[in-house]
Structure formats: C-alpha cells, structure tokens
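Work through the exercises below with the sequence and the 3D view open. Each task is followed by a solution in steps.

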Amino acid sequence: MKFGFYIGTRVIFGKSCVKENKAEFLRLGKRALLVTGRRSAKASGAMDDVIECLQETRSDFLVFDQVDNNPTLENVKEGGLKAAEFKADYIVAIGGGSPLDAAKAIAVLAVNPIEPMDLYKNVFDKKPLPIIAIPTTSGTGSEVTPYSILTRHDMETKMSFGNKDTFPELALIDPAYTASLPYDVAVNTAVDALSHAVEGYVSKRSTPLSDILAVEAIKQFGECLEGLAEKKISDSIREKLIYCSLLGGMVISHTGTTIVHGMGYSLTFFKGIPHGRANGLLIAQYLRYIYEFAEEKIKYILHNLGVEDIETFENTMHKLLNTTEIFSEEDFRKYASLAIKQKSSGYNVKNVTEEDLEQIMAGALKKYTV
Ligand code: NAP
Ligand code: ZN
C-alpha cells in the first residue's frame, strides 16, 4: 500500500453546531465577510445563527450576498474587492457549493492583488483568508475540499483551482439548514454527493482510505434512496445526506472526480442543468464503460445502493432526476471536445478518448436526444 491522506479542514457536525461554537468565530478575528447566495443563507436559518454569534462576540461583519449559481470569475472578483475594502480577517461562507466555492476564490483575491484568471496558477504570495464553511445543501462537500469551481466563459466550461491553503479552516455542518431545500435541489445535490463517492471509489487515484469513506457515503445514500424517491425527506434522511456529502468531499479531496464531472460541466454550461443532475444522468453509462476495469467495485456499489444492476441504477437515477432537456449528436461532439481537456480525463481506470466521451453521452442521454 502506498498513499497519503490530508484534510485541511476541522469538522464540527451536528444540530445547533453554529450557535454552540461561537468562540470559533472570534478565534479567526473581529471582522468577517459573509459570502452567500441571494436567498439560501437566510432561507436555511444559517445566516440568522451566524449573525447572532457575530453580534454576541461583538464582531464587525459585512454581507456579500451576490454569489451566482455556478459562480464566474467576474463574480468572485467583486467579492474579493469587497473583502479587501472591508479589511476582513476571515470569511464565513454560507450556502451550497456556489457560495462555498466562491468564498475560496474571494479569500485568495482579498489578500493577493491578482486577476481572477491567475487563480489557476495555484500559487499565491499571501495565504488566503481563513474560511468558516457552513453548507446548506447536501451535495458538493465543498466545506472539506480545497476546490473552487468557477465558470469560464472564455473556455465555455467550468474549471477548478485550489491548493492546500484553500481548504476551509472550519466546517460547521448542521443538517437542519437543509430543511428549506426545494425537493428538486435536495435530489440534485444528493446525487452529486453520491457521484463524488462513486467516482472517487472507481477512480484511478482511489486509495484504501478514500475507499472506506466512499463506501460509507454510498451506504448512507442507499439508505436514503427510498425516501428520496417517495419525496419523504425526514430529519434522519437529511442527516444521512449531509453526512454522505461530507464523506464524498473528503473522497474527492484525495481522488478528484472522473470524466463524469468533466462531461457534466458542459450539460451545466450549455443547458443550464444543475451540477448534481448533470452527473446523475451520466454516471450509470460511465459505469458500463469502465465495467471490465472495475467489476468488483461496481458490484459493491450496486450492492450498497440496494439496486440489482446498472440498468436498475440508471432507471432509478433518471426517475429521480426528472429531466426535460433535449440534446443532439452535435451537442455531444462539442461537449466531448471540451471534456477531454479537463484534468479528470486522466483519472479514469479505462483511458478515455474524445470519441469514447461522445459515446458515453450518447448512450446516457439517448432518451433525450433528437
Ligand atoms: P448551489 O448552486 O450552491 O445552489 C443551488 C440552489 O439552491 C440555489 O438557488 C441556492 O440558492 C439554493 N439553496 C441552497 N441551499 C438552500 C437551502 N438550504 N434552502 C433553499 N434553497 C437553497 O448548489 P450546489 O449543488 O450545492 O453547488 C453547485 C456548485 O458547486 C457548482 O458550481 C459546482 O461546480 C460546485 N461544486 C464544487 C465542488 C467542490 O469540491 N468544491 C464539488 C462539486 C460541485 P441561492 O442562490 O440563494 O444560494
Ligand atoms: Zn460535484
């Protein structure tokens, strides 16, 4: 065995963990920039809890609530300027993957006078501001990953940056903040968490330790499948899903994702399909593609999900995701040409070519192709 393991984030998980840990805010300074989307931080109740902690500790804070879904370089530039002007000591990121990822870029830009494009150099003169990450979706695991995935209009796709200094300092994870999620967002984001665990498990870069986390995440998701399908998301399911998301984040911090994510970025960029749903539509066909290279692992995934075979898994995913978008063969050609340029094209147990990617997408999305 030969592997490393590092998670740069301290995790505190459980009900009311924000209010119970207000001293943690003070530890990072007296001036906080709150980075959020337009509604979710308030809708989830997390914003109120954070503000209460900041007021009780007599801290100063400024809210930057302009993070878009799938944030862009322009979007994080604005946040970086706000953080610098306010002279923030640290950042509190509240929301789904979009605000959490944006916060990582803002944390770098706040103290380094560089253009957002230079984020991709991944070397920064000054250490980014520390981040407290508070997830309100159960999907990306961004609270424990170093990755910040930003939309690149110039390249018609999304690209990630991150290094060991962009892990959030602290993740405060309260399942109750996901109670306000609309059903479709809850499903899409849960499928993203599953996708991280599955992709990490079958990745060329998987390790014995990342596999333990991945299998546990898949089991947790399996226990939620019936509730998700029946639209009955209880507190216990919410807790399992955010735990699954946390584990999935730890997995991809070590393995990265596979070309499922690489292809999914095009579905998001060109068709506006939410991130998790994009992965969920492609993943079963991807498992077929790599089957002979990862047979035992794939059987174990299906076993832990409680589904018989890949076809049943695919039908289950498609039923959950309820997709209406339409594709053409020309779309797949274009998406494949972009996906092959992603780092994750090198992380698959079976090598992928541009033609392979076209075929995986055509196979996965045949029901939706004209
Ligand atoms: P998201 O884009 O952060 O949020 C999706 C929608 O859900 C938004 O409209 C958001 O509202 C709303 N929402 C979030 N929490 C809510 C709550 N508790 N109640 C009501 N509405 C809520 O979705 P996401 O799937 O979590 O994140 C996707 C992003 O993360 C993508 O950019 C993806 O590329 C990235 N990602 C990052 C990693 C990583 O390792 N860093 C991994 C996978 C994906 P608001 O607009 O008001 O916030
Ligand atoms: Zn993802």
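A polar contact is a pair of N or O atoms within 3.5 Å; within protein, one atom must be able to donate a hydrogen and the other to accept it. The model is predicted.

**Exercise 1. Is histidine 275 buried or exposed, and which side chains make polar contacts with the side chain of histidine 275?**

Step 1. Histidine 275 is located in helix α10.

Step 2. The relative accessible area of histidine 275 is 18%, so this residue is buried.

Step 3. The side chain of histidine 275 makes a polar contact with that of aspartate 192 at 3.0 Å, and another with that of histidine 261 at 3.1 Å.

Step 4. With neighbours within four places left out, histidine 275 is in contact with Asp192, His196, His261, Tyr265 and Thr268.

**Exercise 2. Which residues coordinate the zinc ion (ligand 2), and why is the arrangement irregular?**

Step 1. The donors to the zinc ion (ligand 2) are Asp192 through OD, and His196, His261 and His275 through NE2, at 2.1 to 2.2 Å.

Step 2. Along the chain, the donors of the zinc ion (ligand 2) are spaced as D-x3-H-x64-H-x13-H.

Step 3. Histidine 196 lies in helix α6 and histidine 275 in helix α10 (residues 275-290), so this pair ties together parts 79 residues apart in sequence. Histidine 196 and histidine 275 are both buried.

Step 4. Four donors count as tetrahedral if all angles lie between 85 and 135 degrees. The angles subtended by the four donor atoms around the zinc ion (ligand 2) run from 86 to 170°, which makes the arrangement irregular.

**Exercise 3. How many residues surround ligand 1, and which element gives the most to the shell around ligand 1?**

Step 1. Ligand 1 is surrounded by 31 residues, of which Arg39, Ser40, Gly97, Ser98 and Thr137 are the closest.

Step 2. Look next at the polar atoms. The side chain of aspartate 101 has an N or O atom 2.8 Å from a nitrogen atom of ligand 1. For threonine 145, a side-chain N or O atom is 2.9 Å from an oxygen atom of ligand 1. Lysine 158 has a polar side-chain atom 2.8 Å from an oxygen atom of ligand 1.

Step 3. On its own, ligand 1 has 940 Å² of accessible area, and the protein covers 91% of that area.

Step 4. The elements that give two or more residues to the shell around ligand 1 are α5 (97-109) and α6. Helix α5 gives the most, with five residues.

**Exercise 4. Which residues of helix α3 are buried, and what covers them?**

Step 1. Helix α3 spans residues 46-56, and its buried residues are Ala46, Met47, Asp49, Val50, Ile51, Cys53 and Leu54.

Step 2. The cover over the buried residues of α3 includes the helices α1 (22-28) and α2 (40-43). It also includes the strands β2 (31-36), β3 (60-64), β4 (90-95) and β5 (131-135).

Step 3. After α3 comes arginine 58, with a positive phi near 55°.

How values were computed
Residues are numbered from 1 along each chain as its sequence is written. Chains are lettered from A and ligands numbered from 1 in the order in which they are written. This is a predicted model: local features need pLDDT of at least 70, side-chain atom pairs count only at pLDDT 80 or more; totals for chains, interfaces and linings use all residues. Side-chain values use heavy atoms; hydrogens and water are left out. Donors are N, O and S atoms within 2.8 Å of the metal (3.2 Å for Na, K and Ca); water is not among the atoms, so sites may look incomplete. Four donors count as tetrahedral if all angles lie between 85 and 135 degrees; four count as square planar and six as octahedral if opposite donors are over 155 degrees apart and all others between 65 and 115; anything else is irregular. Helices (H or I, at least four residues) and strands (E, at least two) are DSSP runs, numbered from the N terminus. Buried means under 20% relative accessible area, exposed over 50%, partly exposed in between (1.4 Å probe, protein chains only). Contact means heavy atoms within 4.5 Å. A residue is near a molecule or strand if one of its heavy atoms lies within 4 Å of it. Accessible areas come from the Shrake-Rupley method with a 1.4 Å probe; for residues, only the protein chains shown count as cover.
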